[in-house]
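Dear colleague,

Please find below the structure that I am handing over to you. My findings follow it.

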Amino acid sequence: YKVKMKSGDYEKTYAFEIKMDPNLKGITKEDLDEQFELSNKIIGKTTAANEAVIKIREIKKTLGDAKDAIDDYDKNINPFLNELTEVEESLYQVKNQSNQDPLNFPIKLNNRLASLRRSVESGEAKPTDGAYKVFKELSAELEQHLGALKAAMETQLPRINSTLRDTGVEEISVSEE
């Protein structure tokens, strides 16, 4: 690694190496690499869950903004919105308003992934078999919810976009990033 030190007219780049804490006993570099790899996989899953929630909220906003222009909104749009809401509420706790609300409303998938990541990253050690098992279960649950979102988009979005086109509202894109 390199670090650039700059103060006033002084500027110099120094090279440095990160080494394991020599006080760690019974832990190998491979153990820490494995911890890092699993943590990054968890981050990827958390990101996918959060991006799905953001996409759902963008779609809801677009459709909400167009509500007055769409005939039979309740009949034509609400079933789609209900499917999106079901996925959103599976991924993210939408009812929390205050610091006490987590006591009243259960955590959702993105929080469970974040908790797993904290567990994996706490301390310097190889991830446990249990951490891998939980990661596998949470990943499967995420894929199920993302599959439901994809199915709703594929089956209902063409009709929704046709309705939006008819009202002069910009269509909802289905870009997969």
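How much space lies in the second largest pocket? The volume is about 230 Å³, taken as the space filled by probe spheres set on grid points joined across faces, edges and corners. A pocket here is an open set of points on a 1 Å grid over the protein atoms alone where a 1.4 Å probe fits, with protein on both sides within 12 Å along at least five of seven lines.

This is a predicted model, in which local features need pLDDT of at least 70 and side-chain atom pairs count only at pLDDT 80 or more, while totals for chains, interfaces and linings use all residues. Residues are numbered from 1 along each chain as its sequence is written, and side-chain values use heavy atoms, with hydrogens and water left out.

The lining of the second largest pocket (residues with an atom within 4 Å of a point) consists of Tyr1, Ile18, Lys19, Met20, Lys29, Leu32, Asp33 and Phe36.

The whole structure holds one aromatic pair (ring centres within 6.5 Å). Tyr1 and Phe16 are stacked (planes under 30 degrees apart), at 5.7 Å centre to centre and 20° between the planes.

Ser39 is buried (under 20%), with 3% relative accessibility.

Yours sincerely

Terms used: Phe/Tyr/Trp six-rings, centres within 6.5 Å; stacked < 30°, edge-to-face > 60°. Buried < 20%, exposed > 50% of the residue type's maximum accessible area, 1.4 Å probe, protein only.
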